[in-house]
Amino acid sequence: MESRIRVLFLVTAVSATIALSGCAATRDLFGLGPREAPPPGAEAPGQVIEPEVERRRIKEPAIDREDFELGAFAGIMSIEDFGSDVVYGARLAYHVTEGFFVEAAVGQSEAGETSFEVLSGGARLLDDRKLTYYNLSLGYNILPGEVFIGEGRAFNTNLYLIAGLGSTRFADDDRFTVNFGAGYRFLLTDTLALHLDFRDHLYDIDLLGEEKTVHNLEATLGITVFF
Amino acid sequence: MSAPSTTTIPSPSRNKSGWLACLAVLLPVLLLQAYLPGQVLAAERQYRKVSVADPYLEMHTGPGRGYPVFHVVDRGENVEIIMRRTDWFLLRTAKGDEGWVDLGQMELTLQPDGSAVDFSRATREDFTNARWEAGVLAGDFGGANIVSVYGSYSLNPHVAVELWGSQILGNFSNGWTASLNVVHETWPDWRVSPFFTLGAGYIHTEPKSTIVQGEDRGDQIGHAGAGLRIYATRRFLLRAEYKSYVVFTSRDDNEEVEEWKVGFAFFF
C-alpha cells in the first residue's frame, strides 16, 4: 500500500516537472506553451510552406568487381627426351578488358627416364628429376561463345590464345622459357569456370651433349574461380 | 659449399614444391569459400540498385559484345547490379532475369536519388593520372635473357616510384635483381610518353655449375635509363626501355651492364 502511494506521488511529481519545465518537446502536450502566432506578412508572399525535406542520403552498396581468376590445374606434360608425366599447378589471371587478360602460372612435373637410361640399365643422367616452371602470359579471348546442353541450358565459353615468358627449373638449372598455346574456358556459372589448356614450353638445353631447343607439350584440365 | 650461408637464397625447387603443396591444400578451401557462401548468401546480399533512364537497356547472355541480346529492360524499371567484369555488368531485373549490360548503357542509368551513376571507365586521362600500374617486360641484360615484373605508384602525373623484380637467365650464370626506381615523365599527357629513370637495388648471380665452379654473389647496383610508355587501349599500355647498370662488385672494378626491355603494363 505504501509503495503504491509512493509510485503515485512520483508520477505526479515527474509530470508536474515536465509540464512546468517549458521543454520545447513537451510544453504543447499540456497546452502550457506560449501561443504566439507568427506576425502576418513575415513570410514571403506566395510561399506558404517552407520546404523542410532533406535530400535522401543513401549509402549505396559497392559494385562487386570480379576481374581476377584464380585456380588450379592438372594434366600431362611431355618433357622432351624424358617421357611424359603428371603436371599440376596454379594460375592467377587478371581480366583487363573483355578480350585481353594477363596470367601468371606455376607448375610442377617429374621427368621420367630417357631411352638411353632405360636401355643401358643402370646409368642415370639426373638425380633431381623435378621440373618446375613459372610464366607470365598475355591471353586474348579470340572466340567467345555459348554452348547449349539440352534444350534449357546455355553456358558461356571462350577460346583463347595465350603466349608468354618465364623460367623452367630442370636438371639443376633455370632456363628462359617461352610458352604459347590455346585454351578453352567453360563457365559453369558466372564465377566458376573449367579450363582445358594446351601449351608448348620452349627452352634451350645442352644436357644431352649439344644445345637444342626443346618443346615440352602440356595438356591440362583446370578449375578457376572469379573474384 | 659446406653449410648454406645466410646470404644464399634457398633452392627454388624446394621453395616451389612447398608453395605448390600449400596451394593444393588451400585451393579447394578457397574454391568453397569463394563459391558456396556466395550462393547461400545471395538472398541476403545487398546490391546496388539503379533505374533505367535510356529508352531501354539491352541484356546480353554473356560479358562480351558478340553475345546475343535476349532481354530488354524498359525505361523506369529498377535493376540490381550483381557484379562487374571488365566493362560489363551482370544485372538482375525485378522479375529475376539476369543478363550482361555494357558500360556505355550503364552510364545512362540513374541512382535512387535521381543522380547519374559514376562508373569508372579507363581512358587516356587515366593513362596520365592513374595511381597504380603493373607490368611485365622481357629483354636482354648484358647478353642474358631477363624477365621482369614491376609495380608502380604515381606521386603525381610526372613522378612515380617503381619496385622491380627480375630473373636473369644466361648461358653462363643465372640470377635475380630487385630494385627501386624513381621515374620522371616529362610529358605525361602524350600518347607516347617518354620517361627517365634512376634507381638502385641488389643483384644476385649464380654461375652455372656445369661450366664453372663459381660462388654465388650478391652485389649492389645502381642504374639510369630512359624509355617510352605508349597508351594502347583501355587499361593497357606498352613499355620499352633502356637501362645502364653499374654493378658495385667487391672486386677492384665495377661492372657495367646494358639492358633493353619491352613489354606491356596496365594501370588501375
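Of the 227 residues of chain A in this predicted model, 30% count as buried, a residue being buried if 20 or more other C-beta atoms, placed from the backbone, lie within 10 Å of its own. The secondary structure of chain A comes to two helices and eight strands, which follow one another along the sequence as α-β-β-β-α-β-β-β-β-β; helices (H or I, at least four residues) and strands (E, at least two) are DSSP runs, numbered from the N terminus.

Residues are numbered from 1 along each chain as its sequence is written, while chains are lettered from A in the order in which they are written. Because the model is predicted, local features need pLDDT of at least 70, side-chain atom pairs count only at pLDDT 80 or more, and totals for chains, interfaces and linings use all residues.

In chain B, a closed barrel of eight strands runs β8-β9-β10-β11-β12-β13-β14-β15 with antiparallel pairing, where two strands pair if DSSP finds at least two bridges between them. Within this chain, β8(B) and β15(B) pair in the antiparallel sense over nine bridges, and B:F266 in β15(B) is the bridge partner of B:A134.

The contact between the chains takes 43 residues from chain A and 46 residues from chain B, two residues being in contact if their C-beta atoms, placed from the backbone, lie within 7 Å. On the side of chain B that touches chain A, α1(B) gives the most, with 12 residues, and the residues of that side divide as follows.

| Class on the side of chain B | Number |
|---|---|
| nonpolar (Ala, Val, Leu, Ile, Met, Phe, Trp, Tyr, Cys, Pro) | 23 residues |
| polar (the others, Gly among them) | 14 residues |

Technical notes: A residue is buried if 20 or more other C-beta atoms lie within 10 Å of its own, exposed if 12 or fewer, and partly exposed in between; C-beta atoms are placed from the backbone.
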